[in-house]
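Let's take a friendly walk through this structure together. Keep the sequence and the 3D view at hand as you read.

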Amino acid sequence: MTTKTSLLKVILLGDGGVGKSSIMNRYVTNKFDAHLFHTIGVEFLNKDLEVDGHQVTLQIWDTAGQERFRSLRTPFYRGSDCCLLTFSVDDNQSFLNLGNWKKEFIYYADVKEPEKFPFVILGNKLDVTERQVSIEEVQQWCQENGNYPYYETSAKDATNVAVAFEEAVRRVLAMDERTDHLIPTDTVKLHRKPRSAGTCCS
Amino acid sequence: MVHVYNCHPFASQQIVQVEQEPGLFCCGGGALFVVATGGCKVDAYNLEQEGCPLICRFGTMGTVKSIQHSKIGDYLVTIEEKNSSTYLRAYTNWRYQAEEKARVGVRLLGHLLRGASVRGGAQMEIIEIPLSERPIAVACCSVTGDLLVGCENTLILFTLRRQNQQSLQNQCQQNLQGSWSNSQQSASQSQGHQSSSSHNLSVLDFERSVILHITKMTPKQVALCGGYLAVQAELEVLVLKLDASSEPTSLDESSDTSKDDYLEDQADLLLIPRQQELLGDQARNCDISVTIEKTGLEDKGQYTLSYVLFRRFTPEFFQGCSVEETQLHSLQLYPLFTSNQSVSTEEPACLFCFFSLPNAGYLYSLKSGVELLSAYQYPERVQEAVLSDHLLHVITKNALQCFTVRCAAVAARTEDPYIDTTMKACPPNSLQVCALRMQLFIGLRSVCVYGRHVVLLSTVDTEPREEAERSTQRRSLGRRWTISSPKETSPAGNGWNLYVVDTVSPLTLYKEMVEYSRQYAETNPQAQSLQHLLSEAHLLLRAALLQTPGQQQNDDGTSSLQEDAYRQDEGQTAVQTHRQQLEEALRQNCAQLGDCFSRASQKVCHLALPYYRMSGLSVTEVIVRNRPLPSSPHSYGLGFLFYLKHYLLEETEQKLSQESADEVIDIFSRSSPSELLSVCASPSMINVSPARTLRILQHLEDTAGVSVPLTIAMATMVQRLNDLPQYTQLMERHAEMLLVYGFIEEPRLLLHGGGGAPRTHVHPTALSRQLAKSQPGLLVAGMVALHENNKVQLEQADHIFKELGCENCLQVDFWEAMLMASSQETVIQELLFRLASVYIDRLVGTNSESGSSFPCTSQRRRSLKSTDDLINSCSHYGALYPWLIVLCPAHTTSCQHQEELYKLQSLLCGPSLSIGSVQPLLERLSEGTLWGFSLHLLCTTRRGQYDISIEKLLDRCPQAIIAYANHHLQDKNMGLWWQKLLPELCDRTRAAGENSILLAALKETLVVVATETSPAQFLELIPDDGTASYFLPHLLTCTQRHLLA
Ligand SMILES: Nc1nc2c(ncn2[C@@H]2O[C@H](COP(=O)(O)OP(=O)(O)OP(=O)(O)O)[C@@H](O)[C@H]2O)c(=O)[nH]1
Ligand SMILES: [Mg+2]
């Protein structure tokens, strides 16, 4: 039995400290670290998952949010299939910066039709009690910018993290029926017994 | 004729447990990297462990189109596609991706500031290498780790940079300081720092160093090795060499070449491309132009480009393949380090370029002259070929086969330019290559090689099984390939399989070849095949020996891992014993090749000598190996006789036992009697039985006639038998002069060793010892003749006399005789000095009456040559000046040193002795005796100090003064008669009163002065107080003579 597998590049952007690395860690390793390094440059990892019968390899790209790492991260926007714009609900400035992130992404990723590109907005640190950004503000921003889906997440409590990534996949698959980034991979799931090494020449 | 040998190059085979159908794969660093078809994942398997377990798995950033591993730096480089863009990426630190879920760092080329470096390099990192053109092919240099990328019209070279971890860490530390948002993180900082400092890894990066623009050739494959670049298009291969040069390339030059190209361009429009092979500089004339683009890094120095090789094929040239099929593949640059090179620092001594068409492969040697080393004719269409350390592996659709290669022969010659001499040998570079037994598979697709592991991918989905079988049958009937076993390994179940086939060790293969060669040896020892097979085996061992311990360690790119250090010691001894085994096998092989060539034809039989020599066998052992079987009609082989003759000529220290020596005599008396004499004279034959040999020599004389050397050889044997009368009788058969000629013909009758070469030790033979006793004149004449014929050096002759215990007697005779014979100025000067010193020594010795300085003296026989002999026959000895006879008549000196005195005086009177050199020696002689005085006076005279001489002589022996003045005060010294002698005599007579000797001298002097001066001059000379009557007659003669004139 073979199914089509596609490699989807999903990139996390947002201010330094909003929790991009934490979200990725939570999703892939299901762990949370209260003392995390700031990311320098760009890192990624792959995760296989099935969404609505589609076998996909999600390639999650974590970037450095701090301004001074801009030159290290921007070259890798190209080829992204989806962009997760992230802010922290306890940091109003990080929310206000979303527009800048979007602009930076569209510019460097060289997106052909920016209005059709799938963005997903994440408001992280939902668990924190002192909120600075209200849901309404965000929803309005999403509405005005292109009707982006919005998820409030907590990397700490694992709230909505998986849901958000699955939504991202769905957006890509739904939005884009062109198959040019669907890589025809024959996935063979055969559980063969290990064959022992033999000698061939006598 | 292509040899096909029924040897088994493959040992075992395993199947790699891959889950998905492999698309691409490559090997390196002990690992096999597999990319599933169209996949974005790389599985790394350990090739060096049983069962090839998975090492790790990591995702790629796009669909991999091409993948290569670099030994240096242990990185992978890929060409990938994502959303229809093509990328070039290098994956470093992949071994840290043990956990698939670990994060992977990504950075751009040149942007080294990375999180990974902060984490101590323990993270896989991908370096993205941006390119302005789409990459088509990529290659890594196995020596430097540099990267060559081929695009449509350009070749881009990236140099590998390693940044030391430590230096980077400080940089990152600083950088981080500002980036922590809260103090909580400082705890993890110290943690992180600790863990990272335990590693000391270097971080890789690349630097774009050269861009080459290439016209009229679209690269399909590229290769890179130590400054050599190879590009392969569909039917063309171009090899270039790039050199970093300090001098900037002039712009004029480049514009010039482009002009040339332009002209050629036009010419080419009219021509259909033709077959071309352009070697070395000639390759410049190919119509492909390559130019270097400046990268802007001016301070990095400039590069110069030279053409090395160009080869173009035309498709219709090859039968059996359709035009579309006829495409080049498997381009490879293969370096070889010789064993005296240190791999890490030097560039490889040998470099080879391989490429292949479906029906033929070509292997070129690129260094020290570009040449086609071997052409491989495949009996069937070959899809891929890989050159490995010992063999060339090729795959057809249904078989894996290997061919032998000649790289080791080239390396042997590069390493040792004296390899093709009488000392050493190696099968020729041009030795016909051969195919070994093949292994059947079904649906082979591609192959790669790591050390002794050959990795194969097979898929059957396109070819039905029956067809495969049919083709097998066809092949068997053709009998052109030797097929391994009827049981084919077919991919079961999946329709695809990834095999790891291990080749046997070179030593094992060697042993099988030797086994195989026995059949030939028994059935037809003269056959070429035996020679060929043994030569193949020889090169196999040489190739194995070239994989030196140093190189083997370098081979695994993992050496950065610390645990390697622990394993090293153990490994070292294993490597050592392995090397010893190989060396032992090589000796055995050389012995067999020696056997083989000892029976070979005239043309190649001389090779028996170097091979036997390399085998380390003793002569006796070689003799035993060459003994003809009692039943066999064969006599001794030409090569064996050649070996034996050379061995005996070459004056080794090894002495044969009497048995062996007698056997040697038998061999030569049977096979080559004319050589018997020189055989007898060999120092190795010293133990030969004299009586037996004498009989054989006697027989030789009976059949071949009398010859002087033969007589001397016989005399030598007789002398060893202590039969003095017969010895004397033999030696008296020929005149002394003829005997001397006999010695020139065979110097080893007199001395062993040397052979004319300087600074080798020589020894007198027993005959020499005998001659020193009985015919010293003959010995001296013989030695002189040998010297003059360059058969012995002066120092060697001296050594002979020293060994004979005749240092002060016969040796001096030898020097004197040499002076008579020699015409070499340096030798003459040396001898004059030596003789003068000997004479002086002897005079000093007798003078001081100790006599002990030369023990020979008391019982010394007379010299062979008297002073008169020497004066008469040797120009360096001058006739004694008349005044010497007056000064010291014969009876005044003791007869004991009379001869030496005369000889020394004679030398001083001669034209050749340099006074400056003997003067210091003369200081040892006192002037007390008249003869001592005579020598000093001779010296002063020879130096032209006549004033002093006159005074001294007048002081010591005035009766000799006129004889002296007559002899020396002539021509330009004439004036001394009146300037020096006359005033001296006047003074002395006045002071001494009536001294008849002085007065007589004065009278003689006045006669001379009167004849030589004018009257006016003469008047001036007369002392004021002189008696007029005494001088008047002389003045009168003077005036009369003047008037007459
Ligand atoms: N309470 C809470 N803290 C969080 C959450 N997500 C992240 N954090 C913390 O916020 C800090 C920053 O998180 P990171 O994941 O490093 O932030 P980032 O977006 O990756 O930052 P840069 O790498 O600098 O761009 C860390 O100390 C996290 O532990 C969350 O959902 N709830
Ligand atoms: Mg981060």
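B:Trp94 counts as buried because its relative accessibility is 0%, where buried means under 20% relative accessible area, with a 1.4 Å probe and protein chains only. This is a predicted model, in which local features need pLDDT of at least 70, side-chain atom pairs count only at pLDDT 80 or more, and totals for chains, interfaces and linings use all residues. Residues are numbered from 1 along each chain as its sequence is written, chains are lettered from A and ligands numbered from 1 in the order in which they are written, and side-chain values use heavy atoms, leaving out hydrogens and water.

Next come the ring pairs. The rings of B:Phe355 and B:Tyr364 are stacked, because their centres are 5.7 Å apart and their planes at 20°; rings of Phe, Tyr and Trp (its six-membered ring) pair if their centres lie within 6.5 Å, and planes under 30 degrees apart count as stacked, over 60 as edge-to-face and the rest as tilted. Both B:Phe355 and B:Tyr364 are buried. Over all chains, the structure holds 33 aromatic pairs. B:Phe33 and B:Trp94 form an edge-to-face one, 4.8 Å centre to centre with 80° between the planes.

Charges meet rings too. B:Arg956 lies over the face of B:Phe933, at 4.7 Å from the ring centre, given that CZ of Arg or NZ of Lys must be within 6 Å of the ring centre and within 35 degrees of the ring normal. In chain A, the charged end of A:Lys47 sits over the ring of A:Tyr27, 5.1 Å from its centre.

Notes: Buried < 20%, exposed > 50% of the residue type's maximum accessible area, 1.4 Å probe, protein only.
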